Amino acid sequence: MLADAHADIPSPLDIVALAALIDGTTAGVGVLDTRLRYLYVNPALERLNGVPAAAHLGRTVSEVLPEVDAREDLMRAVLTDGRAREITSSGRTPAASGTATRYWHGAYHRLEVAGQVVGVAGIVLEVKASDEDQRLLAQAQRHLNLLDAATTRIGTTLDMDTTCAELVDLVVPGLADLATVEVFPRDVAPPVRPAPPGVLRLRRAALTAVPWLREAVAQFGVAGDYVDYQEDAAVPRCLATNQPVVENLTGDEQLGRSAPAPERVATYRALGMHSAVIVPVTVRNGPIGVLGLVRAGDSPVFTDEDVVVARELAGRAAVDLDHARRFTHEHTIALELQRSLLSEPRPPHPHIEIATRYLPADRSVLVGGDWFDVIPLPDGRHLKAMGDVMGHGVEAAVAMSHYRSLLRLLADEELPPHRILEQLDRMVERSGLDRAATCLVAVVDRTGGVCEVSSAGHLPPVFIDPGPAGTWLGDVPAGPPLGTGFGGYRTTRVECGPGTVLFMYTDGLVERRGEDIDVSVGRLKELTLPGSGDLEELLDAVLDRFGPGAEDDIAVMASRARPPVAPDDGCATD
């Protein structure tokens, strides 16, 4: 049969004689020509490959077994220099082993007939690792994949809870059936009820489980909950020693010691939880929290290798969590400071309408020094100001408070806008405040229909008239920013009747990368009052249109004067 199968392949080898000699051997034997195409395959190799002998002939190893790394480059080297080589290859074949990876070891020799190189002969044996070796190899590969994935999947933001969620999503199901990260409560968060004596309280930042456990695990609570641990539970022991706690929970007593509270034991037992690892999440200046891993059902217990990987992952996450914690601390302080300083201005007169908004660029950007204010003046006038201190963070918010306080002092002197800016510039320079700021000051005479405006490096105001005048940009010369000591500010008078809206803003509203600022500001001339005439709706529309894509904080303020309401008509007229 083999002779017939090989009859149409010309070869200087006597295939029939070769078959008679080798067909009965238990080692897989194959002969390939100089182009590495099969000339002969014995029954043993046919069985190893799971491919009929006839399907081999005239084809290369890679064509017959495309999922096997056959190292044809080394076979060509045997043809070239005549030196025999041992080759180890691996892959998957159509044989009965299914999708499992298999391993072969072969010895390859060059064949010559009458001094002519005619091909390569290979003798191949399958290398069968023990089940335990294969399990350990697969486990090592999973561990390496987890550690490799951690570099790109953990720490993608400066948000602590997001980082914790990334960690638990990485380890389930690769390392555990259930994973949780619990951290110490934030020191700048809203007050948390005190824990009872001898109880450790942590905040669950993230929790996830394999699908078959998720519904049952929901009874333990959700991310954001606070969890109280009894003194001898696994989590307090882990934090006290800064060492992993590994527990194979074979009995109720062990479950009771590991659980936050004894009443959890029955639930843990019902879910089949049998093995737990608690790993500290720690940086040099102290613990941040813990990573908890649980296996249940048919999953194996945790091994020493699992614990090493869990600790490495927790260590990598700890660095990102520390950065996020520091950022959150500063961001929260700055935000609260700015909110306390940037209180909503109250209308200085019953017939003055004011609407304001402050919008941080996003959670990953520290709060800046944007601010606004409205200050009543004698004789029915009032001062409006919009400013932007350079930089972000606590320092910028503190500098903003200085500017705002100094401006309120100067407003009492009833100076024109340009003189207010000149005095403010000198006072800031003398105070040693090292953060410059832009500022737009407008003094509005409600009864006279006049607005006096002066700018210290700030963008021009927008006037929105409900009548034929429409919307226009104020032609206000911009002097140097405050804090430079250069002075040179000018006041511009703008006629604006009752009902005209004065719209002031900071550069975060219009400044966009790759676009000229004049083009961006020019689009503000398209602003119109909503049909209702409501200023709050106007600001909502402005932020909906111009807010997306902002890279800096945005502060906006819209205001207008209305005449008194006539007692007999019940409505205001513009």
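Guide: A residue is called buried if its relative accessible area is under 20%, exposed if over 50%, and partly exposed in between, with a 1.4 Å probe and protein chains only. The model is predicted, so local features need pLDDT of at least 70, side-chain atom pairs count only at pLDDT 80 or more, and totals for chains, interfaces and linings use all residues. Residues are numbered from 1 along each chain as its sequence is written, and side-chain values use heavy atoms, with hydrogens and water left out.

Visitor: Which residues of helix α2 are buried?

Guide: Helices (H or I, at least four residues) and strands (E, at least two) are DSSP runs, numbered from the N terminus. In α2, residues 15–22, the buried ones are I15, L18, A19 and I22. Viewed down the axis, they fall within an arc of 100°, so they line one face of the helix. The arc is taken from the directions from the helix axis to the C-beta atoms. On the other side of α2, A20 and L21 are exposed.

Visitor: Why is C238 called buried?

Guide: The relative accessible area of C238 is 0%, and the limit is under 20%; C238 is therefore buried.

Visitor: How do you know that C496 is in no disulfide?

Guide: A disulfide is a pair of cysteine sulfur atoms within 2.5 Å. For C496, the nearest cysteine sulfur, that of C451, is 4.9 Å away. By this rule the count is 0 disulfides.

Visitor: What makes β9 and β10 edge strands?

Guide: Strands pair if DSSP finds at least two bridges between them. In the open sheet of 6 strands, ordered β9-β8-β7-β12-β11-β10, β9 and β10 each pair on one side only.
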